[in-house]
Amino acid sequence: FSVGCEIPNKTNNGNIIRNNVVYNCSLSGIFVGSNQSTSVVQNTQVTNNTFFKNGFGTYDNGQLAFQNNSGSIVKNNIFYPTNGRLALVQMSGTTSSGPGISYNLYYRDNGDVSNLYYNVNGDNNAVKQNPLFVSAGSNFHIQSSSPAISGGDPGFSAGSGETDMHGQARVQN
């Protein structure tokens with residue numbers, strides 16, 4: 001996925017990326033921002049997604065990459081990078097301001113949950129445990145004992161008509 005703005009001196013505002021399973025992409029699962037220094041992507045919400053082993057190509061662009069954006073919210077996602085690879089990356093030579101990154105779950109097969117971020121301050125209230133997928137790589141449902149359950153933002157309130165990826169009512173936590 002790419003949420004961008006490639007026209008100089010323009011703004012792309014208010015995007016929502018929600019309820020996706022993004023896996024096995026050679027680059028990032030999602031790019032949020034612009035490769036134009038005079039354009040910006042603002043106020044993008046990346047919520048309730050699962051990112052699994054993206055960014056395995058020559059360049060480690062992480063599961064999610066930022067470029068020239070402001071006000072992004074990244075919350076209540078599962079990030080599961082390949083061993084030794086990154087979860088969140090601020091692309092070199094670009095800037096972002098005010099990304100609100102919180103309540104995401106991070107894990108790698110080898111259990112190493114260090115060095116997850118590049119040029120990103122990290123994640124407030126991160127959970128760094130195995131999400132306990134039913135079958136990682138083929139069934140991304142989580143088991144009933146998953147630390148992702150009740151690991152999300154306790155202040156979350158679903159929008160009117162907001163559902164999960166199966167059309168069920170989105171629940172708090």
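Here is a short tour of pockets and cysteines.

Bear in mind that this is a predicted model, where local features need pLDDT of at least 70 and side-chain atom pairs count only at pLDDT 80 or more, while totals for chains, interfaces and linings use all residues. Residues are numbered from 1 along each chain as its sequence is written, and side-chain values use heavy atoms, with hydrogens and water left out.

Start by selecting Asn48, Ile78, Ile142, Ala148 and Arg170: of the 34 residues lining the largest pocket, these lie nearest its centre. (A pocket, on a 1 Å grid over the protein atoms alone, is an open set of points where a 1.4 Å probe fits, with protein on both sides within 12 Å along at least five of seven lines; lining residues have an atom within 4 Å of a point.) The volume here is about 820 Å³, meaning the space filled by probe spheres set on the points, which are joined across faces, edges and corners.

Next, pick strand E19, residues 139-142, which gives the most to this lining, with four residues. (Strands are DSSP runs of E, at least two residues, numbered from the N terminus.)

Now move to the second largest pocket, at about 180 Å³. Select its lining, including Phe66, Gln90, Pro99 and the residues Asn119, Val120, Asn121, Gly122, Asp123 and Asn124.

Last stop: the cysteines. Cys5 is buried at 9% relative accessible area (buried is under 20%, exposed over 50%, partly exposed in between, with a 1.4 Å probe and protein chains only). Cys25 is partly exposed at 26%.
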